[in-house]
Amino acid sequence: MKNRLNDPEWKRAMKWFYRYLSKYKWKEAVGLVLVTVCAVLNIINPKIMGFIVDDVIGDGEGIAGRMGILPLAVALMIGCQFVRAVIRLISQWLFETCSQDMLYDMRDGVYRSLLQKDFSFYNRNRTGDLMSRQTGDMMAIRHFVAYVIYSIYENVLLFVIALIMIFSVDWRIGIAMMTVLPISAFVTYLQSKSIKPKFMKIRDRFSSLNAFAQENISGNRVVRAFAKEDYEIEKFDVENAAYRDAELDAAKIWTKYVPIFEVCASFLTVILMLVGGIMCVKGAMTLGDMVIVNSYLWMLNMPLRMFGWLINDYQRFTTSVVKIYTTVSEKPKITNPSKPKNEKKIKGEVEFKDVSYNVEGEPILDHVSFKVKQGETIGILGATGSGKTTIMNLICRFYDVTDGAVLVDGTDVRDMELHTLRDGIGLAMQDVFLFSDTIEGNIAYGDPDCTLEQVKWAAKMADADGFINEMTDGYDTVVGERGIGLSGGQKQRIALARAILKKPAIVILDDTTSAVDMETESQIQKDLKLLENETVFIIAQRISSLKDADMILVVENGRITQQGTHKELVEEEGYYKTVYEHQLGNLKAQTA
Ligand SMILES: Nc1ncnc2c1ncn2[C@@H]1O[C@H](COP(=O)(O)OP(=O)(O)OP(=O)(O)O)[C@@H](O)[C@H]1O
Ligand SMILES: [Mg+2]
């Protein structure tokens with residue numbers, strides 16, 4: 001295992017954590033000062049007890065004239081305990097608010113960073129893994145800030161104070177007590193070293209279990225449809241067992257070390273009884289001094305007992321910080337240019353200049369060139385997997401081209417401010433995603449301040465107004481997660497309405513009408529013609545969806561093989577004509 005102090009990733013992760021903590025460092029510091037006061041107040045009671053034994057009770061018959069002090073001494077002890085309790089309460093509150101506020105900032109920061117990640121990041125990372133960064137890992141960090149920091153500090157402090165006090169009573173018994181220190185230090189080191197990789201494994205297993213559960217709950221309908229419940233349960237059990245075993249693995253380590261700390265702690269009592277007892281008998285120490293030392297003993301005991309647990313918590317914390325940091329620190333490759341060259345709003349001209357796009361050396365798009373004027377409608381036809389969606393992804397700059405350039409209004413999209421670019425595009429994606437919100441909320445997503453009239457206008461354009469009005473709650477109908485409760489065609493029409501609501505300069509409809517019937521589709525085609533200033537890209541498999549376009553691009557294996565109007569393309573030998581004749585044949589067969 002790498003030495004953590006030399007591990008730059010670990011150092012960077014800790015720095016990242018400290019950036020969040022530093023905002024609350026004064027609060028944390030005040031809390032620690034209060035903990036110090038509490039710890040120091042611990043000195044008083046044993047002192048009073050020693051005083052009562054030696055100077056009030058004396059040899060058991062009371063020392064003349066001193067009995068009157070007894071109630072005062074007891075009152076002082078109670079008062080001291082009360083003050084301690086109040087201070088402790090305040091410090092606990094400080095640590096609690098500090099940890100909650102810090103966690104709020106951290107969750108917010110992590111969420112922001114997740115939203116800025118590239119598409120490729122989400123292709124690589126499972127949702128469940130990312131969710132566990134925001135849940136389990138955050139909890140470990142909160143526990144550290146709310147409890148572990150002050151506990152470590154308090155325990156070290158108590159230990160040191162107790163040692164000093166014992167030394168001040170009698171240095172010989174102090175030395176005897178210190179013999180447990182090297183053993184504890186060595187055990188601390190061993191435990192810390194061996195438990196760290198175990199916690200890494202726990203976090204991985206937890207994350208994996210989470211991801212598995214998330215995927216299966218989301219894909220529950222597929223599981224049911226294929227009657228694979230037993231199979232999935234078996235797979236879940238494997239994940240579940242792996243997580244349990246990882247936890248038990250770590251438990252095996254601490255169950256080995258925690259008892260050693262316990263033994264060290266109990267050893268202190270033995271030392272006191274043995275060394276202190278002999279000294280008392282020999283008259284080298286008074287009984288009162290022995291009582292004082294005995295009442296400081298818990299201050300030495302408790303830290304020793306706690307240390308095993310605190311090391312655990314500390315390592316759990318560092319593992320979680322490293323885990324979150326590795327997710328957050330991955331910088332998005334697609335970022336805003338330092339000097340954006342675009343206007344405030346885009347107009348809608350699009351040009352592909354000899355664009356190639358590869359993924360891990362595999363060509364997806366190969367020397368694609370075309371030019372579109374503002375307000376034109378472009379149809380895109382091509383076999384499945386030919387690269388149609390990829391062309392659209394490049395316009396939105398979800399990925400950067402490998403070669404060539406994508407220009408919008410004559411400016412390379414890489415030189416444009418991302419928000420301006422994407423705000424000017426209304427995209428209805430191929431796999432429709434709706435939020436669990438009302439239909440109105442879903443359509444108005446791009447412009448939440450718009451009026452209901454605007455929402456209705458967009459819905460009418462997408463031929464969705466009719467079925468929405470037929471629903472009992474109309475536009476206020478709440479659709480489930482991912483639009484559960486709506487038919488495929490209904491979801492597509494809501495996605496279409498959402499794309500056109502904000503009247504973007506560029507509208508992209510990626511297979512948006514594949515699930516609607518021909519009649520509804522032709523109505524939508526008519527409606528879309530009303531969008532005169534907008535540049536519209538329509539990707540479709542049906543010629544009927546494309547034939548009125550100003551220009552049609554035919555994509556085959558990542559290349560544009562044909563380009564022209566419907567009229568031109570049906571005259572030309574090629575993919576378009578084949579598809580057209582095929583579909584026309586089907587249509588004739590249907591109507592015959
Ligand atoms: N993120 C990615 N990583 C690797 N390969 C990808 C990625 N996205 C797409 N591809 C590949 O690129 C090719 C083109 O995909 P694209 O989604 O553009 O096809 P499409 O023309 O939209 O197909 P369809 O009509 O089925 O939607 C496919 O072979 C696909 O496997
Ligand atoms: Mg596609």
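What volume does the second largest pocket have? The second largest pocket of this predicted model has a volume of about 370 Å³.

Residues are numbered from 1 along each chain as its sequence is written, and chains are lettered from A and ligands numbered from 1 in the order in which they are written. Because the model is predicted, local features need pLDDT of at least 70 and side-chain atom pairs count only at pLDDT 80 or more, while totals for chains, interfaces and linings use all residues; side-chain values use heavy atoms, with hydrogens and water left out.

**View 1. The second largest pocket and its lining.** On a 1 Å grid over the protein atoms alone, a pocket is an open set of points with protein on both sides within 12 Å along at least five of seven lines, and a cavity is a set where a 1.4 Å probe fits but cannot get out; lining residues have an atom within 4 Å of a point. A volume is the space filled by probe spheres set on the points, which are joined across faces, edges and corners. The pocket is lined by 15 residues, and S120, Y357, N358, V359 and Y399 lie nearest its centre. Helix 4 (119-124) and strand 1 (350-359) are the elements that give two or more residues to this lining, helices (H or I, at least four residues) and strands (E, at least two) being DSSP runs numbered from the N terminus. Domain 1 (4-328) and domain 2 (350-591) each contribute at least three residues to the lining, with bounds from an automatic or database domain assignment.

**View 2. The surroundings of ligand 1.** Ligand 1 is surrounded by 14 residues, the closest being T384, K388, T389, T390 and Q430, where a residue counts as near if one of its heavy atoms lies within 4 Å. Helix 12 (residues 388-395) provides the largest share of this shell, 3 residues. Oxygen atoms of ligand 1 lie 2.6 Å from a polar side-chain atom of T384, 2.7 Å from a polar backbone atom of G385 and 2.9 Å from a polar backbone atom of G387. The protein covers 63% of the 630 Å² of accessible area that ligand 1 has on its own (Shrake-Rupley method, 1.4 Å probe).

**View 3. The largest cavity.** The count comes to 1 cavity of 30 Å³ or more, and the largest cavity has a volume of about 40 Å³. Its lining consists of L509, T512, T513, I524, Q525, L528, I538, I539 and A540.

Notes:
Polar contact = N/O pair within 3.5 Å; in protein donor to acceptor, adjacent residues only side chain to side chain.
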